[in-house]
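I opened this entry to record what I looked up in the model. The coordinates come before the notes.

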Amino acid sequence: MDVSQLERFLRISTAGRFRAAARALGLSQAALSFSIQQLESELGGALFERSGSGTRPTALGVALRPGAELIVNQANRLRADADVILGRGSP
């Protein structure tokens with residue numbers, strides 16, 4: 001599991017559709033689906049229920065969302081800290 005998979009999981013959760021999330025992330029829908037399938041395989045269960053009317057998180061997806069948000073937020077803070085230390089950003 002990596003941070004980008006968690007970011008993608010969160011984007012789908014927010015968008016409610018794979019197509020909209022893929023567009024926002026600049027990915028093909030196939031690439032996004034493959035990434036989520038890999039994450040689901042690693043976790044051992046489905047994260048989303050897919051239907052013609054959209055995508056909803058499963059019980060597993062709902063339970064994992066808060067932890068995914070913490071990890072993604074912390075990773076973003078670490079990237080920002082690194083940018084400041086290396087002179088690529090402002091404090």
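I count a salt bridge when a side-chain nitrogen of Lys or Arg lies within 4 Å of a carboxyl oxygen of Asp or Glu. This is a predicted model, where local features need pLDDT of at least 70 and side-chain atom pairs count only at pLDDT 80 or more, while totals for chains, interfaces and linings use all residues. Residues are numbered from 1 along each chain as its sequence is written, and side-chain values use heavy atoms, with hydrogens and water left out.

**Salt bridges**

I found five salt bridges in the structure.

Arg-88 bridges to Asp-83, with the closest N and O atoms 3.1 Å apart. Arg-88 counts as exposed at 57%. Asp-83 is partly exposed at 28%.

Next I took Arg-79, which forms a salt bridge with Glu-7; their closest N and O atoms are 3.5 Å apart. This pair links distant parts of the chain, since Arg-79 sits in helix H4 and Glu-7 in helix H1, 72 residues apart. Helices here are DSSP runs (H or I, at least four residues), as are strands (E, at least two), and both are numbered from the N terminus. Arg-79 is partly exposed, at 42% relative accessible area. Glu-7 is partly exposed too, at 25%.

Glu-69 and Arg-65 also meet in a salt bridge, 2.8 Å from N to O. They are four residues apart in helix H4, which means that about one helical turn separates them. I read 31% relative accessible area for Glu-69, partly exposed. Arg-65 is partly exposed at 27%.

**Overall layout**

I listed four helices and two strands. Along the sequence the pattern is α-α-α-β-β-α. The C-alpha trace spans about 45 × 25 × 20 Å along its principal axes. Of the 91 residues, 26% count as buried. I also checked contacts, meaning heavy atoms within 4.5 Å. Among contacts with a separation of 6 or more, 51% are between residues 24 or more positions apart.

**Helix H1**

The expected span of a helix is 1.5 Å times one less than its number of residues. Which residues of H1 are buried? I noted Gln-5, Leu-6, Phe-9, Leu-10, Ile-12 and Ser-13. They lie on the same side of H1 because they cover an arc of only 160 degrees around the axis. The arc is taken over the directions from the helix axis to the C-beta atoms. Their cover includes H2, H3, E1, strand E2 (54–57) and H4. Gly-16 follows H1 and has a positive phi, near 80 degrees.

**Helix H3**

H3 runs over residues 29–43 and has 15 residues. It reaches 21 Å from first C-alpha to last, close to the 21 Å expected. Its buried residues are Leu-32, Ser-35, Ile-36, Leu-39 and Glu-40. On the face turned away from the buried side I found the exposed residues Ala-30 and Ser-41. After H3 comes Gly-44, with a positive phi near 85 degrees.

**Nonpolar core**

A nonpolar core is a set of buried Ala, Val, Leu, Ile, Met, Phe, Trp, Tyr and Cys residues joined through side-chain atoms within 4.5 Å. The largest one has 14 residues. Those with the most contacts inside it are Phe-9, Ile-12, Phe-18, Leu-32, Ile-36 and Phe-48. H1, H2, H3 and helix H4 (59–85) each give two or more residues to this core. H1 provides the largest share, four residues.

What does Phe-9 touch, not counting residues up to four places away in sequence? I noted Ile-36, Leu-39, Leu-47, Phe-48, Gly-61, Leu-64, Arg-65 and Ala-68.

**Ser-51**

Last, I looked up Ser-51 in strand E1. Ser-51 is partly exposed, at 46% relative accessible area. From Leu-64 it is 13 residues away in sequence and 21 Å away in space, C-alpha to C-alpha.

Notes. Buried < 20%, exposed > 50% of the residue type's maximum accessible area, 1.4 Å probe, protein only.
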